[in-house]
Amino acid sequence: MKKVLILGATSAMAEHAARRWAGDRCSFFLVGRKTQKLESIAEDLKVRGAETVGIHTADLAVNSAHAEVLIAAAAFFSKVPDIALIAYGVLGDQEAEQSDPELVEANLRTNFLSPAHLAGRLAEQMADAGQGTVAVISSVAGDRGRQSNYVYGSAKAGLNTYLSGLRNRMHKQNVRIVTIKPGFVDTPMTAHLKKGPLFASAEKAGSLIYKHTNRGTAVAYVPWFWCFIMLIIRHIPEPAFKRMSL
Amino acid sequence: MTLRRDIQSWGRLPETEHTVHEITDRYASLPNINGVGSCLPHGLGRSYGDSCLNDQGALLLTTRLDRFIRFNADTRELTCEAGTSLASILDHIVPYGYFLPVSPGTKFVTLGGAIANDIHGKNHHRAGTFGRHVTEFELLRSDGSRLRCSPTVNPEWFRATIGGLGLTGLITQATIVLKPIHNPHLEVEHIKFGNLAEFFELARESDASHEHTVAWVDCLARGDKLGRGIFMRGNHAPADRAGKQRPVSSGPSIPVSAPRFLLNPMTMKLFNLGFYHKQWRRQTDHLIHYEPFFYPLDCVGNWNRLYGKKGFFQYQCVVPFAEDDRAIREIFETIAASRQGSFLAVLKVFGGLPSPGLLSFPMPGVTLALDFPNRGERSLALFDKLDAITAHAGGRVYPAKDARMSPARFRRYFPKHSDLVPFVDPAFSSSFWRRVQFS
């Protein structure tokens with residue numbers, strides 16, 4: 001069965017996607033910062049049908065940690081993974097970032113430089129192995145910069161562009177690059193926000209990530225209606241957009 | 001931590017304000033609730049009244065504690081985190097040939113909630129309450145201690161927490177024993193009965209032959225038709241009688257609160273009449289998937305909105321068996337005379353298996369559950385009358401459904417309530433608990 005590597009495995013959306021793959025009897029290698037939480041998720045996936053589950057503790061925001069993680073994953077699976085889901089990220093505090101360039105750099109490192117680096121390395125390994133899928137959880141926030149979270153948004157915009165190029169380059173080598181763009185999802189990351197009708201549950205989002213990753217969808221809005229919301233937002237003329245408070 | 005005013009129980013009655021904390025990690029200690037006084041675990045909020053609420057205090061939301069921990073096929077023991085819903089447990093176990101040992105009328109309750117309310121189901125006469133099938137759980141107390149509880153380890157904490165309404169601490173994980181089944185279907189018979197005497201006769205006869213029994217009763221019928229309805233009894237289907245696979249689809253959802261005029265004595269009468277006469281023959285046999293059999297209302301999302309913005313009450317009582325069934329007869333008479341009853345009443349005979357909890361609701365006898373749209377004082381006056389009959393008969397009212405019983409009634413219904421007090425966590429409380437203890 002498929003070998004699934006999840007980077008940032010304690011993310012609520014990734015956990016729900018993993019539950020779906022567990023139902024297909026896949027094997028997992030889970031990477032995250034919190035060992036105990038990774039252990040709980042591993043137990044859960046085993047009961048749900050996962051063949052084998054390995055865990056590995058690492059801070060993925062640090063690029064120098066990546067090589068070791070990829071070696072550990074390949075050793076666990078005895079091959080390059082079939083599917084890699086890159087799921088970590090931080091929302092960041094836009095107001096604090098406006099006055100602290102170090103926070104901006106930290107945000108860009110976690111949300112752009114690190115996942116881009118990992119996606120690139122994984123795609124190359126998969127190209128050598130002859131097949132594979134790299135799915136990355138990005139965000140609709142990358143579609144246009146808004147005053148309320150443009151640092152996070154620009155990191156995700158950079159990531160989207162990187163993934164688009166990588167997808168183009170990898171297409172002929174049978175490696176699929178999937179850009180996942182969730183809208184509002186009810187996860188611990190958004191616990192402080194008031195939930196409106198546009199919010200999707202983490203379970204729903206996880207199911208859609210599972211579906212699109214298996215299919216190899218190039219760019220997937222999660223749920224689909226964000227495609228239309230962002231189409232409108234992208235097409236508001238800048239003279240009008242700059243006056244809006246979004 | 002977030003302040004929220006939109007949290008309601010299933011009856012949508014009280015306006016509340018809660019500080020909410022999401023619990024995502026069973027190893028983490030309890031959040032700091034300084035400043036709001038007390039906290040209460042809150043799962044899927046399917047309790048009808050105020051037993052799942054803690055107005056002006058904190059709620060510990062448990063639905064993200066939803067991981068499986070282990071399954072032992074030899075002992076059929078499944079261990080899960082306490083926020084796991086019975087729905088997701090069923091989704092996982094039914095394809096492997098297992099079922100819940102006891103199942104309530106909705107699958108949208110959490111494992112922790114099922115224990116805290118010591119829920120019962122259509123197989124009470126065979127299996128007793130949910131708590132009887134719990135072999136172990138972990139209780140996290142506000143002093144940071146973690147108690148492993150089972151019938152033999154910390155047995156006094158085990159008895160206090162089962163049916164303990166979430167007051168003894170946060171259940172982080174629990175182990176239940178599953179029941180083996182051959183397939184997801186049940187062989188079900190629907191039998192029409194003309195009055196209460198016929199109901200009791202059917203119940204007696206079915207207890208030995210059928211694992212699941214329940215009746216829906218026309219609560220508006222009076223005189224010699226009093227207590228008429230349809231008796232449903234079923235057994236899990238044998239291996240050679242598998243039905244068709246049920247298509248996976250979700251039903252409609254009620255988007256907004258219904259206008260009040262839809263619920264009037266005329267529409268209620270039509271509904272009850274229609275249900276009773278839907279079936280012409282005395283008996284019909286069916287092979288039914290477990291979902292419509294156990295959870296007929298779960299296919300309509302947010303059906304509680306049908307009762308309009310003012311919400312509704314559910315009254316569920318149990319009265320011990322008596323020669324002439326006088327109490328249950330009197331209760332039906334009182335409800336029919338009030339013209340306030342709404343959709344179908346549910347009637348079920350409880351068996352004699354003892355409930356493990358100090359505050360468990362089931363006792364040997366017959367239980368009746370019925371919804372009432374909230375008509376303010378009129379509704380409350382009716383419930384006081386029903387309480388008088390229930391108390392006189394030596395019965396009790398179900399806290400998970402209650403939003404109004406008086407402290408005096410509570411003490412009479414649950415004589416062991418004072419035994420629970422020493423086990424209540426000093427940092428835990430609920431709107432229900434304050435109402436029945438101190439007001």
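**View 1. The overall build of chain B in the predicted model.**
Chain B contains twelve helices and 19 strands, and its C-alpha atoms fill a box of roughly 60 × 55 × 45 Å, taken along the principal axes. A compact globule of 439 residues would have a radius of gyration near 22 Å, and chain B, with 21 Å, agrees with this. Buried residues account for 48% of the 439 residues in chain B. When contacts in chain B between residues at least 6 apart in sequence are considered, 76% of them join residues that are at least 24 apart.

**View 2. The open sheet of chain A.**
Seven strands of chain A form an open sheet in the order β3-β2-β1-β4-β5-β6-β9, and the pairing is parallel. Strands β3 (53-57) and β9 (219-222) of chain A stand at the edges, where each has a single partner strand, so one side of each is left without a neighbour in the sheet. From one strand to the next, the twist averages 15°. Helix α3 (residues 66-77) of chain A lies across β1, β2 (27-32) and β3 of chain A, and this helix runs at about 160° to β2(A).

**View 3. Strand β4 of chain A and the strands beside it.**
Strand β1 (residues 3-7) of chain A runs parallel to β4(A) and is joined to it by four bridges, with L5(A) standing opposite A84(A) in β4(A). Four bridges also join β4(A) to strand β5 (residues 132-137) of chain A, again in parallel, and here L85(A) stands opposite A135(A) in β5(A). Further along, six bridges join β5(A) to strand β6 (residues 175-182) of chain A, which run parallel, and T133(A) stands opposite R176(A) in β6(A). In a regular strand the side chains alternate between the two faces of the sheet.

**View 4. The nonpolar cores.**
The largest nonpolar core has 107 residues, of which L60(B), I115(B), A174(B), I328(B), A345(B), L347(B) and L368(B) touch the most other members. Strand β16 (residues 312-319) of chain B supplies the largest share of this core, with six residues. A second, separate core is made of 68 residues, including A22(A), C26(A), I137(A) and A200(A). Leaving out residues up to four places away in sequence, I328(B) touches L196(B), V319(B), V366(B) and L368(B).

**View 5. The surroundings of L287 in chain B.**
L287(B) has its place in strand β15 (residues 283-289) of chain B. Because 15 C-beta neighbours lie inside 10 Å, L287(B) counts as partly exposed. Apart from neighbours within four places in sequence, L287(B) is in contact with H185(B), E187(B), A237(B), R241(B) and G243(B). Between L287(B) and N235(B) there are 52 residues of separation in sequence and 9.9 Å in space, taken from C-alpha to C-alpha.

**View 6. Where chain B touches chain A.**
Twelve residues of chain B are in contact with eleven residues of chain A. On the side of chain B that touches chain A, strand β5 (residues 68-72) of chain B gives the most, with four residues. The residues on this side of chain B divide into four nonpolar, three polar and five charged.

Notes. Residues numbered from 1 in each chain as written. Chains lettered and ligands numbered in written order. Predicted model: local features only at pLDDT ≥ 70, side-chain atom pairs only at ≥ 80, totals over all residues. Contact = placed C-beta atoms within 7 Å. Helix = DSSP H or I, 4+ residues; strand = E, 2+ residues; numbered from the N terminus. Nonpolar A, V, L, I, M, F, W, Y, C, P; charged D, E, K, R; others polar. Rg over C-alpha atoms; globule rule 2.2 N^0.38 Å. Buried ≥ 20, exposed ≤ 12 C-beta atoms within 10 Å, placed from the backbone. Core = buried A, V, L, I, M, F, W, Y, C linked by C-beta atoms within 7 Å. Pairing = 2+ DSSP bridges. Axes fitted to C-alpha atoms, helices over the stretch in contact; angles between N-to-C directions.
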